[in-house]
Amino acid sequence: MITLTDTAAEKVQELIIQELAESGGEPELALRVAVRPGGCSGFSYEMFFDSEVAADDMSKSYGEITVVSDPMSAQLLEGATLDFTDGLMGSGFAIDNPNAQRTCGCGNSFS
């Protein structure tokens, strides 16, 4: 299962609060992190807020934040870290995945 840095957890919490304010209060939102076939290197990452959790989903809590992944994605994300950076060169989430043998130039896909 993927690990969130403190910075990433704070940003996810901020985004969940913003999402709840805009949607009128969706029940419970979890951050879903998934690995999907595709991208220029074979697999790509997908992250979104999800209110539905399947019975076989893997989950991990970081304070008030719950991160969920389907079993296949959780296996490919084992040992990976999700971080958030905010600097002069841009801001955004980045996944450091030790299971990735090769990544593409865009940084969004791996094999």
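Some ground rules come before the details. Residues are numbered from 1 along each chain as its sequence is written, and side-chain values use heavy atoms, with hydrogens and water left out. Because the model is predicted, local features need pLDDT of at least 70 and side-chain atom pairs count only at pLDDT 80 or more, while totals for chains, interfaces and linings use all residues.

## The chain as a whole

The chain holds two helices and eight strands; these are DSSP runs numbered from the N terminus, helices being H or I with at least four residues and strands E with at least two. Along the sequence they come in the order β-α-β-β-β-β-α-β-β-β. Of the 111 residues, 32% are buried, where buried means under 20% relative accessible area, exposed over 50% and partly exposed in between, for a 1.4 Å probe and protein chains only. Among contacts between residues at least 6 apart in sequence, 53% join residues at least 24 apart; a contact means heavy atoms within 4.5 Å.

Let's start with S69, which sits in strand β5 (residues 65-69). S69 counts as buried because its relative accessibility is 0%. A polar atom of its side chain lies 2.6 Å from the backbone oxygen of V33. Beyond its neighbours within four places in sequence, S69 is in contact with M1, R32, V33, D57, M58, A74 and L77.

S73 belongs to helix α2. This serine is also buried, with a relative accessible area of 0%. The side chains of S73 and D70 are joined by a polar contact of 2.7 Å. Such a contact is a pair of N or O atoms within 3.5 Å; within protein, one must be able to donate a hydrogen and the other to accept it, and residues adjacent in sequence count only if both atoms are side-chain atoms. Setting aside residues within four places in sequence, S73 is in contact with V33, A34, V35 and R36.

Another residue to look at is V53, in the loop between β3 and β4 (58-62). V53 and S69 are 16 residues apart in sequence, and their C-alpha atoms are 8.9 Å apart in space. Not counting residues up to four places away in sequence, V53 touches R32 and V68.

## Salt bridges

A salt bridge here is a side-chain nitrogen of Lys or Arg within 4 Å of a carboxyl oxygen of Asp or Glu. By this rule there are five, including the ones in this table.

| Pair | N to O distance |
|---|---|
| E14 and K11 | 3.0 Å |
| E46 and R36 | 3.4 Å |
| R36 and D70 | 3.5 Å |

What separates E14 from K11 in helix α1 (residues 6-23)? The two are three residues apart, so about one helical turn lies between them. E14 is partly exposed, with a relative accessible area of 43%.

The side chains of E46 and R36 meet in a salt bridge. Because E46 lies in strand β3 (residues 43-50) and R36 in strand β2 (residues 30-37), this pair ties together parts that are ten residues apart in sequence. Both partners are partly exposed: E46 at 31% relative accessibility and R36 at 29%.

R36 also forms a salt bridge with D70. That pair links distant parts of the chain, with R36 in strand β2 and D70 in the loop between β5 and α2 (71-76), 34 residues apart. D70 counts as buried, at 17% relative accessibility.

## The largest pocket

The largest pocket has a volume of about 200 Å³. Among its 13 lining residues, the closest to its centre are E28, L29, A30, E64 and T66. A pocket is an open set of points, on a 1 Å grid over the protein atoms alone, where a 1.4 Å probe fits, with protein on both sides within 12 Å along at least five of seven lines; lining residues have an atom within 4 Å of a point. The volume is the space filled by probe spheres set on the points, which are joined across faces, edges and corners.

Which element gives the most to the lining of the largest pocket? The answer is α1, with four residues. By residue type, the lining divides into seven nonpolar, three polar and three charged. Here Ala, Val, Leu, Ile, Met, Phe, Trp, Tyr, Cys and Pro count as nonpolar, Asp, Glu, Lys and Arg as charged, and the others, Gly among them, as polar.
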